[in-house]
Amino acid sequence: MMDEVDKQIINHLQGGFPVCDSPYQVVADQLALTETDLIARIKALLDSGVLSRFGPLYHAEQMGGALTLAAVKAPEVEFDQVAKIINAFPEVAHNYQRNHELNMWFVIATDIPERLNEVIEAIELQTGLPVYNMPKINEYFVGLNLKA
């Protein structure tokens, strides 16, 4: 479970992470924490699954690459195996299960646009499942602000 300090950490870090010699110390100072406590809390949030990842987000398209949302209809009995195959691709940013006919959704980010279709075809070949490619039409930013 998250306490008020964990919520403050999450809210604060969504605004950016300093690029400097001691970024954790800078953030810890801003939140009136010790660097050790900040790092331990981030690790605990990751270990508990409250946070699925902690790291930078790159805008693949602005860097010359490509990005898409994709989905497959994974048979329930093979769901974990299909997820393992898809997650093994370094281009797959994350993957999650949905209560829908298309029950496995994932994001693919590539360094060059041409690589996107190659990855989709490779996933189809390795899983034996068609990949539904859903490229974005519009981009929206949705911020999360937890009440502390």
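**A first look at the contacts, helices and pocket**

Reader: Which residues is L67 in contact with, if I leave aside its neighbours within four places in sequence?

Author: Leaving those neighbours aside, L67 is in contact with A60, E61, V107, I108 and A109. Please keep in mind throughout that this is a predicted model.

Reader: How far apart are L67 and D111, in sequence and in space?

Author: They are 44 residues apart in sequence, whereas in space 9.0 Å separates them, going from C-alpha to C-alpha.

Reader: Let me step back to the whole chain. How many helices and strands are there, and in what order do they run?

Author: The protein chain has five helices and four strands, and starting from the N terminus these elements follow the order α-α-α-β-α-β-β-α-β.

Reader: What does the C-alpha trace span, and what share of the residues counts as buried?

Author: Along its principal axes the C-alpha trace spans about 50 × 35 × 25 Å, and of the 148 residues in the chain, 32% count as buried. As for contacts between residues at least 6 apart in sequence, 61% of them join residues at least 24 apart.

Reader: Now the helices, please. At what angle do α1 and α3 pack?

Author: Helix α1 and helix α3, which covers residues 35-48, pack at an angle of about 90°, and their axes are 11 Å apart. The two helices are therefore roughly perpendicular to each other.

Reader: Which residues make that contact, and how do they divide by class?

Author: From α1 the contact draws on V5, D6, I9, I10 and L13, and from α3 on L38, R41, I42 and L45. By class, this contact of α1 with α3 has seven nonpolar residues, two charged residues and no polar ones.

Reader: R41 is charged; is it buried or exposed?

Author: R41, which is found in helix α3, is buried, since its relative accessible area is 18% and buried means under 20%. Apart from its neighbours within four places in sequence, R41 is in contact with D3, V5, D6 and I9.

Reader: What about α2, then: how do its axis and that of α3 cross?

Author: The axes of α2, residues 23-30, and α3 come within 8 Å and cross at roughly 100°, which makes α2 roughly perpendicular to α3. In this contact, Y24, Q25, V27 and A28 of α2 meet E35, L38, I39 and I42 of α3, and the residues divide into six nonpolar, one polar and one charged.

Reader: Changing topic again, what volume does the largest pocket have, and which residues are closest to its centre?

Author: The largest pocket has a volume of about 2,100 Å³. It is lined by 43 residues, of which R53, G55, P56, L57 and H94 are the closest to its centre.

Reader: Which elements give two or more residues to that lining, and what classes are found there?

Author: Those elements are α1 (4-13), β1 (66-72), β2 (92-97) and β3 (104-110). The lining of the largest pocket has 27 nonpolar residues, 10 polar residues and six charged residues.

Conventions
Residues are numbered from 1 along each chain as its sequence is written. This is a predicted model: local features need pLDDT of at least 70, side-chain atom pairs count only at pLDDT 80 or more; totals for chains, interfaces and linings use all residues. Side-chain values use heavy atoms; hydrogens and water are left out. On a 1 Å grid over the protein atoms alone, a cavity is a set of points where a 1.4 Å probe fits but cannot get out, and a pocket is an open set with protein on both sides within 12 Å along at least five of seven lines; lining residues have an atom within 4 Å of a point. Grid points are joined across faces, edges and corners, and a volume is the space filled by probe spheres set on the points. Ala, Val, Leu, Ile, Met, Phe, Trp, Tyr, Cys and Pro count as nonpolar, Asp, Glu, Lys and Arg as charged, and the others, Gly among them, as polar. Axes are lines fitted to C-alpha atoms, for helices over the stretch in contact, and angles run from 0 to 180 degrees between N-to-C directions. Angles under 35 degrees count as roughly parallel, over 145 as roughly antiparallel, 65 to 115 as roughly perpendicular and the rest as oblique. Contact means heavy atoms within 4.5 Å. Buried means under 20% relative accessible area, exposed over 50%, partly exposed in between (1.4 Å probe, protein chains only).
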